[in-house]
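My notes are below, in the order I looked things up.

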Amino acid sequence: MNEALVPQAQAAVEVVDAGPEEQVVAFQLADETYGVDIGSIREIITWQRVTPVPGAQGHIEGIINLRGRVIPVVDLRRRLGLPPVPDLTNSKIVIVEHAGDTIGLVVDGVSEVLRVPTGAVEPPSRMVSDVSTDYLRGVAKVGDNLVILLSLDRALVKSAEETERLGGGI
């Protein structure tokens, strides 16, 4: 083997570090792609019967029994002010851990896990969003696509007004 070619071959396969990145689980809501940090995801399950809870907030779909645990289920479409889907049987429930609670999030579908460079995330613009930007962490540019990154801290925490109106309930 020609020793002069070895350094060139090694240089050709050198890996370029793109910097810090995060992994997000991408899911669909109303023809848009949203993402949540993979660290908060526990599992993804198919739709199952949800038991309604009387007096619950409008975005609470109800509760489910997941292997003996009672889990509240949030309809993300309603929480984000998106139009509802009349039939949820094709929906998925993303089980997340947030602030010590296990919560199910109803989404239209789950597509993939994405690696998002932190430099590709921009703050949301209040001018172009159909969803309240209070619930958004940012918008990630992934290839030619945009992924709306949700802040679970903001999307799942009840406002003081909601808590008072419901007497601290679900």
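The entries go from the whole chain down to single residues.

**Entry 1: ground rules.** I am reading a predicted model, where local features need pLDDT of at least 70, side-chain atom pairs count only at pLDDT 80 or more, and totals for chains, interfaces and linings use all residues. Residues are numbered from 1 along each chain as its sequence is written, and side-chain values use heavy atoms, with hydrogens and water left out.

**Entry 2: the whole chain.** I looked up the elements and found 4 helices and 11 strands in the protein chain. Helices (H or I, at least four residues) and strands (E, at least two) are DSSP runs, numbered from the N terminus. Next came burial. Of the 170 residues in the protein chain, 36% are buried. Buried means under 20% relative accessible area, exposed over 50%, and partly exposed in between (1.4 Å probe, protein chains only). I also noted the accessible surface: about 10100 Å², with 52% belonging to carbon and sulfur atoms. These areas come from the Shrake-Rupley method with a 1.4 Å probe; for residues, only the protein chains shown count as cover. Then I checked contacts, meaning heavy atoms within 4.5 Å. Among contacts with a separation of 6 or more, 53% link residues 24 or more positions apart.

**Entry 3: the open sheet.** In what order do the 6 strands of the open sheet run? I read β8-β1-β2-β11-β10-β9, with mixed pairing. Two strands pair if DSSP finds at least two bridges between them. β8 (109-117) and β9 (121-122) stand at the edges with a single partner strand each, so one side of each has no neighbour in the sheet. Further in, β2 and β11 pair in the parallel sense over 2 bridges. There, glycine 35 has leucine 149 in β11 as its bridge partner.

**Entry 4: strand β7 and its partners.** I turned to β7, residues 101-107. This strand is mostly covered, with 6 of its 7 residues buried. β6 (residues 92-98) pairs with β7 in the antiparallel sense over 7 bridges. In that pairing, isoleucine 93 stands opposite valine 106. The hairpin of β6 and β7 has 2 residues between the strands, and alanine 99 takes a positive phi near 50° there. β5 (residues 69-75) runs parallel to β7, joined by 3 bridges. Valine 74 has leucine 105 in β7 as its bridge partner.

I then followed β5 to β4 (residues 60-66), which is antiparallel to β5 over 6 bridges. Asparagine 65 stands opposite valine 70 in β5. In the hairpin of β4 and β5, also with 2 residues between the strands, arginine 67 takes a positive phi near 50°.

**Entry 5: threonine 102.** Is threonine 102 buried or exposed? This residue of strand β7 is buried, because its relative accessible area is 9%. I looked for polar contacts, which are pairs of N or O atoms within 3.5 Å; within protein, one must be able to donate a hydrogen and the other to accept it, and residues adjacent in sequence count only if both atoms are side-chain atoms. The threonine 102 side chain makes one with the side chain of arginine 69 at 2.9 Å. It makes another with the side chain of glutamate 97 at 2.5 Å.

**Entry 6: the cores.** A nonpolar core is a set of buried Ala, Val, Leu, Ile, Met, Phe, Trp, Tyr and Cys residues joined through side-chain atoms within 4.5 Å. The largest has 23 residues, and Phe27, Tyr34 and Leu105 are among those with the most contacts inside it. Elements giving two or more residues to this core include β1 (21-29), β6 and β7. A second, separate core of 10 residues includes Ile71 and Val106.

**Entry 7: the aromatic pair.** My search of the whole structure found 1 aromatic pair. Phenylalanine 27 and tyrosine 34 are stacked, 6.1 Å centre to centre with 15° between the planes. Rings of Phe, Tyr and Trp (its six-membered ring) pair if their centres lie within 6.5 Å; planes under 30 degrees apart count as stacked, over 60 as edge-to-face and the rest as tilted. Both phenylalanine 27 and tyrosine 34 are buried.

**Entry 8: valine 157.** Last, I checked valine 157, in the loop between α3 and α4 (160-166). Valine 157 is partly exposed, because its relative accessible area is 45%.
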